[in-house]
Amino acid sequence: TGRMMEEAADGVYVYDEIGRNVVESVVEGERKSVSLKEVETISSYALSSPGVVVGRQRSLTYLVPSPDPTSIEFKMWYATGGRPVDVRTYDVTYTKRTAKA
């Protein structure tokens, strides 16, 4: 896993974070398989007005190969050719809340 941040032009901040997810499938109490996914999230944020931050987030999910080349997880990873299996884009707005008196 890793994280990086840089300031781009005009006060826009760009973040890149990579993490791993372990997914275990269990059927009737019996472990069937474990797969590993790598998720990269790229986010950009800017202050649009006092107390309001707007941004865009894009998450890309990649499969990670199993060490066993005969496993279904390895075959699925191979079939992706290094491309993400899921891409999601979100527009977000964060508004500062004021304390109630």
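Helices, numbered from the N terminus, are DSSP runs of H or I with at least four residues. In this predicted model, helix α1 covers residues 72-80 and contains both Phe-74 and Trp-77. The model also has five strands, which form an open sheet. The points below describe the sheet, then the aromatic residues, and lastly the surface.

**The sheet**

- The strands follow the order β1-β2-β3-β4-β5, and their pairing is antiparallel.
- Strands β1 (2-7) and β5 (86-95) are the edge strands, since each of them pairs on one side only.
- From one strand to the next, the twist averages 20°.
- Strand β3 (residues 30-49) and strand β4 (residues 52-63) run antiparallel and are joined by 12 bridges.
- Glu-38 has Tyr-62 of β4 standing opposite.

**Aromatic residues**

- The model contains three aromatic pairs.
- One of these is formed by Phe-74 and Trp-77; the pair is tilted, with 5.3 Å from centre to centre and 50° between the planes.
- The angle explains the label: planes under 30 degrees apart count as stacked and those over 60 as edge-to-face, so the rest are called tilted.
- Within helix α1, Phe-74 and Trp-77 are three residues apart, which is about one turn of the helix.
- Phe-74 has a relative accessible area of 22% and is therefore partly exposed.
- Trp-77 also counts as partly exposed, because its relative accessibility is 29%.
- The limits behind these two labels are 20%, under which a residue is buried, and 50%, over which a residue is exposed.
- Elsewhere, Tyr-15, Tyr-45 and Tyr-94 make up one aromatic cluster.

**The surface and strand β2**

- A nonpolar patch on the surface consists of Met-5, Tyr-13 and Tyr-15, which together have about 270 Å² of accessible area.
- Tyr-13 belongs to strand β2 (residues 13-27).
- With a relative accessible area of 33%, Tyr-13 is partly exposed.
- Ile-18 is likewise found in strand β2.
- The relative accessible area of Ile-18 is 30%, so this residue is partly exposed.
- Ile-18 and Met-76 are 58 residues apart along the chain, and 21 Å separates their C-alpha atoms.

Definitions and conventions: Residues numbered from 1 in each chain as written. Predicted model: local features only at pLDDT ≥ 70, side-chain atom pairs only at ≥ 80, totals over all residues. Heavy atoms only, no water. Pairing = 2+ DSSP bridges. Helix = DSSP H or I, 4+ residues; strand = E, 2+ residues; numbered from the N terminus. Axes fitted to C-alpha atoms, helices over the stretch in contact; angles between N-to-C directions. Phe/Tyr/Trp six-rings, centres within 6.5 Å; stacked < 30°, edge-to-face > 60°. Buried < 20%, exposed > 50% of the residue type's maximum accessible area, 1.4 Å probe, protein only. Patch = residues over 30% accessible without salt bridge, like charges linked within 9 Å, V, L, I, M, F, W, Y side chains within 5 Å. Areas by Shrake-Rupley, 256 points an atom, 1.4 Å probe, with all protein chains shown as cover. Salt bridge = Lys/Arg side-chain N within 4 Å of Asp/Glu carboxyl O.
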